[in-house]
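Hi,

Here is the structure I promised to pass on.

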Amino acid sequence: METVIAFIIIFGSLVFFHELGHFLFAKKAGIMVREFAIGMGPKILALRKKETLYTIRLLPIGGYVRMAGEDFDTVELQPGYRVGIILNNEDVVEKIYLNRDVSNPNVLFIETEKADLTKALFIEGYDEDGKLVKYKVSRNAIVYEKGQETIIAPYDRQFDSKPLGSRAMAIFAGPLFNFILAFFIFLAIGLLHGIPTNEPIISEVITDSPAYAAGMEPGDFIKEVDGVPVEKWTEFTDIVKSKGSEKIQLKVERNGDLVTFAVTPNTVVNEAGEKVGQIGVMYDPPLEKNPMKAFAFGAEQTYSWTKRIFELLGMLVTGKFTIEALSGPLGIYKATEEVAQFGVFSLMNWAAVLSINLGIMNLLPLPALDGGRLLFFLFEGLRGKPVDKQKEGMVHFVGIMLLMVLMLVVTWNDIQRFFF
């Protein structure tokens with residue numbers, strides 16, 4: 001149950017901040033947001049505030065921000081269609097009923113002759129006495145149909161009406177907020193848990209290793225390697241790796257005294273297939289809580305993991321590992337279960353890495369993803385006009401189908417990996 005809760009909190013937070021980016025920048029551009037949804041599928045909870053419906057849905061596998069004009073959600077009244085309207089004190093239409101059986105005594109029924117609910121905002125038609133009438137429509141008019149309420153979206157509130165830069169930013173903001181979230185999670189880790197000092201202090205000496213044979217002990221503070229001063233653990237390990245099996249001189253500080261050791265590293269093969277030196281010491285860095293260093297730590301970790309994930313993507317493209325290595329929601333759940341055993345800060349670090357991963361995946365120039373939509377905006381900028389909506393919609397539809405197939409493949413990989 002703890003794993004389930006951790007998974008829901010982590011995945012829900014990543015989706016929430018991703019969609020929050022879309023939401024805030026859409027609002028900033030003046031775009032009407034019809035729905036802010038966390039999860040997919042049937043609604044569990046729903047709350048309407050002004051023009052936006054906020055929902056939590058059953059399946060915790062994503063979310064969305066539905067902007068006016070994106071999904072052909074505008075209402076069109078065809079000639080001859082009989083509608084009911086309610087007027088305010090200034091004879092402006094505030095409510096439109098598309099249902100034919102309306103019991104409200106204040107409803108006026110007209111047979112539509114002309115109507116424009118996006119730009120000119122009017123309804124013209126024949127009333128019950130056969131008289132031709134024309135009414136202005138409020139910018140906030142509500143359309144009722146089959147128990148559903150829809151606020152009309154004037155053209156200047158629709159996604160397509162906005163400048164290219166505003167539209168692109170509303171889409172880019174989702175992945176951007178994932179990177180921002182990762183930075184703040186790493187920052188919180190630095191502030192609450194502390195930042196590794198990276199000082200070259202040995203925490204453990206492995207039995208029967210070259211360092212053990214030379215007499216090195218836990219607590220030894222490495223000062224020099226072959227006469228070269230070192231200040232960071234990474235500097236020390238880089239030098240040792242580069243030496244291979246060549247004997248090295250280590251000068252360490254022990255109880256205030258300087259002690260020198262001659263050590264001959266063992267040669268091992270690393271992940272890249274390279275032979276490197278290893279002397280058999282472990283590192284458990286002391287931690288410090290410094291607000292300024294915590295900011296630097298947050299930025300460095302965000303950059304480092306972003307670079308690492310791009311490297312892994314490059315390995316996938318070049319065939320260095322196959323699609324069988326990819327994981328879906330089930331794989332993420334199992335990984336969360338393992339990480340949770342190491343405490344809350346490990347979970348926070350895992351959440352930050354997942355947030356970066358989600359941001360990068362969404363920026364890939366693939367149909368149906370944010371990156372695919374940004375690619376169409378790039379084409380629009382180069383051509384000077386938008387790509388045909390039907391053609392773009394077809395490309396995104398194909399992309400969604402392919403992504404669903406990929407999701408099934410990686411889920412099957414996870415099932416085989418964890419249950420068979």
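This is a predicted model: local features need pLDDT of at least 70, side-chain atom pairs count only at pLDDT 80 or more; totals for chains, interfaces and linings use all residues.

Let's start with the inside. The largest nonpolar core has 45 residues. If you want to find your way into it, go to Ile10, Met67, Phe159, Phe186, Trp350 and Ile356, the residues with the most contacts inside that core. H2 gives the largest share, with 10 residues. There is also another core lying apart from this one, made of 18 residues, including Val230, Ile239, Val240 and Val252.

Met67 is worth a click. Leaving out residues up to four places away in sequence, Met67 touches His22, Ala26, Ile31, Met32, Val33, Asp73, Phe159 and Ala170. Phe159, one of those partners, is also among the core residues with the most contacts.

Now the helices. How do H2 and H7 pack? Their axes are 8 Å apart and the angle is about 160 degrees. Since angles over 145 degrees count that way, H2 is roughly antiparallel to H7. The crossing of the two is left-handed.

Is S6 mostly covered or uncovered? Mostly covered, with four of its five residues buried. S6 has pairing on record with two strands here:

- With S5 (residues 108–116), S6 pairs in the antiparallel sense over five bridges. Glu111 stands opposite Tyr126 in S6. The two strands make a hairpin with five residues between them, and Leu121 in the turn has a positive phi of about 60 degrees.
- With S7 (residues 132–145), S6 again pairs in the antiparallel sense over five bridges. Here Glu124 has Lys134 in S7 as its bridge partner. This hairpin also has five residues between the strands, and Gly130 takes a positive phi near 80 degrees.

Further along there is an open sheet of four strands, in the order S12-S11-S13-S14, with antiparallel pairing. Strands S12 (228–229) and S14 (257–263) stand at the edges; each has a single partner strand, so one side of each is left without a neighbour in the sheet. S11 (residues 221–225) and S12 run antiparallel and are joined by two bridges. Glu224 is the residue opposite Pro229 in S12.

Last, the backbone. Asn255 has a positive phi, near 55 degrees. Where does Asn255 sit? In the loop between S13 (248–254) and S14. Asn255 counts as exposed because its relative accessibility is 77%. Ala368 also has a positive phi, of about 80 degrees, without being a glycine. Ala368 lies in the loop between H7 and H8, and at 29% relative accessibility it counts as partly exposed.

Cheers

Definitions and conventions:
Residues are numbered from 1 along each chain as its sequence is written. Side-chain values use heavy atoms; hydrogens and water are left out. A nonpolar core is a set of buried Ala, Val, Leu, Ile, Met, Phe, Trp, Tyr and Cys residues joined through side-chain atoms within 4.5 Å. Buried means under 20% relative accessible area, exposed over 50%, partly exposed in between (1.4 Å probe, protein chains only). Contact means heavy atoms within 4.5 Å. Two strands pair if DSSP finds at least two bridges between them. Axes are lines fitted to C-alpha atoms, for helices over the stretch in contact, and angles run from 0 to 180 degrees between N-to-C directions. Angles under 35 degrees count as roughly parallel, over 145 as roughly antiparallel, 65 to 115 as roughly perpendicular and the rest as oblique. A crossing is left-handed if the near helix is turned anticlockwise from the far one by less than a right angle, and right-handed if clockwise.
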